[in-house]
Amino acid sequence: MTAARDFNPVAGVPFALAEDLQMVLAPNPSPMTYLGTNTYLLGRDRLAIIDPGPADAAHLSALLDAIGGRPVSHIFVTHAHLDHAPLARPLSDRTGAPVLAFGDALAGRSEMMQALARDGLAGGGEGIDATFAPDVCMGDGATVTDAWGTMTAIHTPGHIGNHFCFAWGTAIFTGDHVMGWASSLVSPPDGDLGDFMLSCAKLQKRQAQIFYPAHGAPVLAPAARLAWLVAHRQERESQILDALRQGPATSFELTRMVYAGTPASLQAAAARNVFAHLVDLYQRGELGVQGHLSPDATVHIKGIETARE
């Protein structure tokens, strides 16, 4: 079992994590992807692949080298972001393995997120793979069994509506839903905070022994990490409500107040997270809005409508 201090993969070089489990790091580091995307290879003589990664010829070559001519039975994709899904089709073409996922980039969107999209809200640049189309759409709880074991799909919307985690024995591949190095971005209309919190509760019930995220080191204390994620969101909500008690504000104004020390490069993502909280609070009936709900709209706590002085 690889601890965070021992997690030192080199892009393109197979990195052993456990028996019958390797990963190949994609060469796409960034503030949003950390070291890059972890592509997982399960099995020994016959393989399954999780999250092939970005459209990168060097990464495809590295994966084919790591596969080494062994048969690949399935390609699983956690969600349709550009750092996870685009290489699925080229890898499928080279190996003959089908691509399995919850659905296309719009699958699993909540009714509220669909309404926001119809009103013109676009994503915040998270990088949706709009062309992604799996060969097989799996349902929540669906299982696949092969030489490498049994994989169970867990629908975990929140980061995006079509997000899956995959349970493999006592391990869960958590995609972008749970990571050890950062909290997950939730950015409407693709991300839904209410769904995110429900998905955290869903994972808490499974009592996994280890999480393998799509970015960063394995999470060796899953229960503690999930508890932290929930508490972190609850604390952020409290900060937003405290700011709104000073008077009505837009999501951008609230971001400057709540994320005062955040680097400029991450302010846009922070603003999307704040708006996700506002949408959740609005759906729960705690906020009122002037006009249509949007990042530019001024919101207030119901019953507290005094203008900011």
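What is the volume of the largest pocket? The value is about 610 Å³. A pocket here is an open set of points on a 1 Å grid over the protein atoms alone, where a 1.4 Å probe fits, with protein on both sides within 12 Å along at least five of seven lines. The volume is the space filled by probe spheres set on the points, which are joined across faces, edges and corners.

The model is predicted: local features need pLDDT of at least 70, side-chain atom pairs count only at pLDDT 80 or more, and totals for chains, interfaces and linings use all residues. Residues are numbered from 1 along each chain as its sequence is written, and side-chain values use heavy atoms, with hydrogens and water left out.

The largest pocket is lined by 31 residues, each with an atom within 4 Å of a point. Pro 31, Met 32, Leu 185, Leu 266 and Ala 269 lie nearest its centre. The lining divides into 12 nonpolar, 13 polar and six charged residues. Ala, Val, Leu, Ile, Met, Phe, Trp, Tyr, Cys and Pro count as nonpolar, Asp, Glu, Lys and Arg as charged, and the others, Gly among them, as polar. Helices H5 (222-244) and H7 (267-283) each supply at least two lining residues. H7 gives the most, with five. Helices (H or I, at least four residues) and strands (E, at least two) are DSSP runs, numbered from the N terminus.

H5 and H7 also pack against each other. Their axes come within 10 Å and cross at roughly 80°. H5 is therefore roughly perpendicular to H7, a term for angles of 65 to 115 degrees. Axes are lines fitted to C-alpha atoms, for helices over the stretch in contact, and angles run from 0 to 180 degrees between N-to-C directions. H5 contributes Arg 233, Arg 236, Glu 237, Ile 240, Leu 241 and Leu 244 to the contact (heavy atoms within 4.5 Å). H7 contributes Asn 273, Val 274, His 277, Leu 278, Asp 280 and Leu 281. By class, this contact has six nonpolar, two polar and four charged residues.

Helices H1 (residues 57-67) and H2 (residues 88-95) pack at an angle of about 40°, with axes 11 Å apart. Leu 60, Leu 63, Leu 64 and Ile 67 of H1 meet Pro 90, Leu 91, Arg 94 and Thr 95 of H2. Six nonpolar, one polar and one charged residues make up the contact.

Two loops hold backbone features. A cis peptide bond joins Pro 188 and Pro 189, with omega about 5°. Pro 189 is in the loop between strand S11 (171-175) and helix H4 (193-204). Asp 20, in the loop between strands S1 (15-18) and S2 (21-25), has phi near 65°, a positive value in a residue other than glycine.

Technical notes: Angles under 35 degrees count as roughly parallel, over 145 as roughly antiparallel, 65 to 115 as roughly perpendicular and the rest as oblique.
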